[in-house]
Amino acid sequence: MSKRANFKILTAEDVARHHSREHCWLSYRGKVYNVSGFLGDHPGGEDIILRYGGRAVDRAMGDSNEHEHSDAAYDMLEEFVIGKLGTEETVVSQDWVATDGYWYPDDTDVAADFAKNKFLDLNRPLVMQVWRANFSKSFYLKQIHQPRHLPRSAVLFGPAYLEIFTKAAWYVPPTLWLPMAGYLFLRSLFQFMGPIPLAMDKLSLPLSSMATIPLEAYGKVVSCFLLGNFLWTILEYLLHRFFFHLDEYLPDHNVALTLHFLLHGFHHYLPMDRLRLVMPPILFAILQFPITQLIYKLFPVAVANGIIAGAFTFYVLYDCMHYAVHHTNLPAYLKEIKKYHLGHHYKNYELGFGVTSKIWDIVFDTVLPV
């Protein structure tokens, strides 16, 4: 494979971070050069190169008063090329203004977008493109946070037997998880009365004895349920801000970028994909497992079941609300929530992490003015 085939797509920020004697990069006519090993051999001395370390040298290379360069010098420069500068989209803008009516962005010209940015071809499966690509983390993050839009769901893996695990209609979470929340609520209620068989031994509940349940048990399970509601609101904020948006902490490696793309990067890249606005069941099952196990470790089983029932219920509310703010003309009292979340996608993705509420954005000073 040629050296050119291994060129990394970089950004001006990548270049700017390399301005020392040990790591000196320059950019010239859209290409990036690592001239660290050439500093001592430069006829004009290393100081003149270090003065432009981490910067574009287009003007300096053409300035005879700065330093005269022969044709051979330009040929020699090509020996140090390590990548090229990627084009930057500017869809996200601080000037974005939310409208009061139903707002939907224009579809992306797929061919023109790929020709300009050389990022991802939206007509082909996306995950393997990210996996095989030679993007720097900086270039990837800049592109992923500039939304594109398709009139259909994009293809992530290709084969239908894989695609089915990446999609979910808005009604899937309530269909699957609300019955589970209801069962755990009732299980908690009976457990506050006294011991009942383990679910693995006997899944059914003694519903015939509900008339004998004291009000005290109802009070306890409702309290646990409300605590679960409250804990979900914190979890929603923390997961969104510190797990889905761990952008700056990502290793600059294809494995990390691919995992980021699958978890949340795809959603910012194609935020209006109707079948990828709620969590696929398999993803929620994976994410909830360590959290629910922790709850069972921290609390008595009756309390834990009530808390999990409340958290699952608010998770379903969160997922349905998330779909609604992207694709529904909401009533007046919910329009502000819609504006706020769309602002996270189209105005500033580093603020506004609350979806169902911005209460924790207020607490942690990440409110997005819209």
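Is Asp-365 buried or exposed? The points below take up this residue and other features of the model, which is a predicted one.

1. Asp-365 has a relative accessibility of 67% and therefore counts as exposed, the cut-off for that class being over 50%. Asp-365 lies in the segment after helix H15 (359-363). Its phi is near 60°, a positive value in a residue other than glycine. Most residues other than glycine have a negative phi, which is the reason for listing the residue here.

2. Lys-118 is another non-glycine residue with a positive phi, here about 50°. Lys-118 sits in the loop between helix H5 (110-117) and H6. With a relative accessible area of 41%, Lys-118 is partly exposed, as this value falls between the limits of 20% and 50%.

3. The sheet is open and has four strands, in the order S1-S4-S3-S2, with mixed pairing. Strand S1 (8-10) and strand S2 (25-28) are at the edges; each has a single partner strand, so one side of each has no neighbour in the sheet. From one strand to the next, the twist averages 35°.

4. In one of the pairs, Lys-8 has Gly-83 of S4 as its bridge partner. Strands of a sheet may pair in a parallel or an antiparallel way, through backbone hydrogen bonds.

5. The contribution of H11 is the highest, at three residues.

6. Tyr-161 belongs to helix H8. Its relative accessibility is 60%, so Tyr-161 counts as exposed.

7. How many disulfides does the model contain? The count is zero, where a disulfide would need two cysteine sulfur atoms within 2.5 Å. Two cysteines may be noted for their accessibility. Cys-24 counts as buried because its relative accessibility is 0%. Cys-224, at 9% relative accessibility, also counts as buried, since the limit for this class is under 20%.

Note on methods
Residues are numbered from 1 along each chain as its sequence is written. This is a predicted model: local features need pLDDT of at least 70, side-chain atom pairs count only at pLDDT 80 or more; totals for chains, interfaces and linings use all residues. Side-chain values use heavy atoms; hydrogens and water are left out. Two strands pair if DSSP finds at least two bridges between them. Helices (H or I, at least four residues) and strands (E, at least two) are DSSP runs, numbered from the N terminus. Axes are lines fitted to C-alpha atoms, for helices over the stretch in contact, and angles run from 0 to 180 degrees between N-to-C directions. Buried means under 20% relative accessible area, exposed over 50%, partly exposed in between (1.4 Å probe, protein chains only).
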